[in-house]
Amino acid sequence: MLKPTYPYYLANEAVAANTDLEVTDKYSGEVATRVALADAKAIDQAIAAAEAAMPAMRAFPPFRRQAVIDHCVARFRERFDELAMALCIEAGKPINDSRGEATRLIDTFRVAAEESVRIDGEIVNLEISARAKGYHGYVKRVPIGPCSFISPFNFPLNLAAHKVAPALAAGVPFVLKPASRTPVGALIIGEVLAETDLPKGAFSILPAHRDGADLFTTDERFKLLSFTGSPAVGWDLKKKAGKKKVVLELGGNAAAVVDADQGAKLDYVVDRLAFGAYYQSGQSCIGVQRILVHASIYDALREKLIAKVKSLKMGDPKDEKTFVGPMISESEAKRLALWMERAVQAGAKIVAGGKVDGAMFEATLLENVGRDTDLYRREAFGPVAILERFDDFGRALDIVNDSDFGLQAGVFTDSLANAHRAWDGLEVGGVVINDIPSFRVDNMPYGGVKDSGLGREGVRYAIEDMTELRLMVMRETW
């Protein structure tokens with residue numbers, strides 16, 4: 001279970017503040033713990049400490065960075081059950097999904113440990129004309145400077161890790177603001193980092209109210225802002241960020257396309273679609289929201305998918321058999337229920353689920369949803385999926401692209417030609433063939449286009465954003 005209170009971390013040190021933040025058990029609604037809440041003064045002190053730590057971090061050699069990250073990996077393994085249960089309580093994430101995320105936390109840090117000693121440069125041949133004879137170019141990567149990180153509620157461990165672990169590998173000091181609804185996982189990461197010999201000021205982890213955290217965005221001492229969250233908030237932060245580099249991992253309304261040749265594989269396809277649409281109550285930016293099925297197999301897939309959706313157990317996330325737990329809040333469930341009601345009023349049909357009780361939202365499948373409704377065009381971010389048919393594969397790709405978002409898409413097909421058509425034609429950051437768009441491995445480049453964001457996560461790709469290229473030109477002398 002959770003501790004009664006958790007400190008925040010300011011310049012590597014635990015601090016118990018005068019003001020705290022209640023963290024609720026998302027299933028019971030009861031207060032599960034309290035965490036120290038940082039004010040603007042503490043955030044300013046953290047930024048100053050990060051700036052002061054920059055020389056020591058530049059001098060902190062790769063093998064020592066790797067040792068710090070290896071320590072984290074070992075301690076996360078030792079505290080695995082604690083990390084998983086904290087997730088289960090503070091996020092309402094079913095315990096099996098919570099264990100999966102704790103495993104990914106370890107994977108992300110393990111990959112970062114490997115990458116920390118592989119941040120290489122290159123030799124550039126400058127002798128491209130007679131005037132450059134005798135000149136030689138050398139390029140290396142150097143830490144960009146203090147970084148600001150803002151992580152979301154839905155993957156409070158691993159999406160914080162996708163900022164923290166690359167920062168440790170790159171040698172940049174950082175200040176992290178975890179989501180106020182789910183801050184405990186990030187603070188446990190802070191506990192582990194505090195056990196290491198990182199230079200003072202290398203990290204601060206500060207829960208803070210959104211309206212008191214403007215410095216995370218506006219302060220020019222930060223050289224990079226990495227934000228994961230909603231599109232509306234992310235693009236607004238970009239406007240306020242000034243000259244610093246900005247990386248945004250935002251939302252989506254991900255589609256999965258099922259080609260005509262999948263008739264013999266429907267059991268597999270249906271299992272994957274159900275997982276992608278309803279795992280952790282659909283609160284994933286790459287959760288399956290739109291399912292496009294070729295008309296020749298639509299009825300058969302529809303029947304199997306309805307049966308599968310109805311079989312998913314909803315309830316206490318601590319129960320090993322639970323697949324659908326609570327949404328993050330009752331207000332979010334009400335918002336999604338309103339979108340669903342409006343879609344039904346416009347002609348949509350609920351074919352499975354549809355019941356809502358507080359924050360508990362039944363796994364729900366609809367068809368005939370109008371493409372101009374909020375439920376279709378916006379990010380549902382809940383356990384709702386939309387089923388529709390298509391006759392032509394190229395037209396299906398056009399339908400997927402008719403979206404303000406472009407994070408990932410899944411395509412089930414045995415046709416290599418159609419796989420390449422999808423890869424070439426879909427306006428997304430990633431195309432997953434023969435699986436759901438919800439697939440992610442923590443070393444792959446991950447991010448989107450359009451309203452889904454800017455830049456890429458994935459440890460090596462995040463390190464590239466957290467470092468700058470520095471050129472040295474050397475002239476031979478005679």
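Predicted model: local features only at pLDDT ≥ 70, side-chain atom pairs only at ≥ 80, totals over all residues.
Colleague: Is Glu 388 buried or exposed?
Modeller: Glu 388 counts as buried because its relative accessibility is 11%. The cut-offs are under 20% relative accessible area for buried and over 50% for exposed, with partly exposed in between (1.4 Å probe, protein chains only).

Colleague: And which strand is Glu 388 in?
Modeller: Glu 388 belongs to β19, a strand that covers residues 384-390. Helices (H or I, at least four residues) and strands (E, at least two) are DSSP runs, numbered from the N terminus.

Colleague: How many helices and strands has the chain?
Modeller: The chain has 15 helices and 25 strands. Its C-alpha trace spans about 80 × 65 × 40 Å along the principal axes. Of its 478 residues, 57% count as buried. Among contacts between residues at least 6 apart in sequence, 72% join residues at least 24 apart.

Colleague: Changing topic, how many residues are in the largest nonpolar core?
Modeller: There are 83 residues in that core, and those with the most contacts inside it are Phe 76, Phe 109, Phe 174, Leu 193 and Leu 198. Helix α5 provides the largest share of this core, eight residues. A nonpolar core is a set of buried Ala, Val, Leu, Ile, Met, Phe, Trp, Tyr and Cys residues joined through side-chain atoms within 4.5 Å.

Colleague: What is Phe 174 in contact with, leaving aside neighbours within four places in sequence?
Modeller: With those neighbours left aside, the partners of Phe 174 are Cys 147, Phe 149, Val 164, Ala 167, Leu 168, Leu 193, Ala 202, Phe 203, Ser 204 and Ile 205. A second, separate core has 41 residues, including Phe 155, Tyr 278, Val 309 and Ala 352.

Colleague: How much space lies in the largest pocket?
Modeller: The largest pocket holds about 1000 Å³ of space. On a 1 Å grid over the protein atoms alone, a pocket is an open set of points with protein on both sides within 12 Å along at least five of seven lines, a cavity is a set where a 1.4 Å probe fits but cannot get out, and lining residues have an atom within 4 Å of a point. A volume is the space filled by probe spheres set on the points, which are joined across faces, edges and corners.

Colleague: Which residues lie nearest the centre of the largest pocket?
Modeller: Of the 36 residues that line the largest pocket, Arg 210, Phe 227, Gly 229, Ser 230 and Val 233 lie nearest its centre. The elements α7 (215-218), β11 (224-228), α8 (231-240) and α11 (330-345) each supply at least two lining residues, and α8 gives the most, with six.

Colleague: What about the second largest pocket; how much space is there?
Modeller: The second largest pocket contains about 370 Å³. It is lined by 21 residues, and Arg 104, Phe 155, Phe 275, Tyr 279 and Ser 438 are the closest to its centre. Two or more lining residues come from each of α4 (95-115), α5 (158-170) and α9 (266-278).

Terms used: Residues numbered from 1 in each chain as written. Heavy atoms only, no water. Contact = heavy atoms within 4.5 Å.
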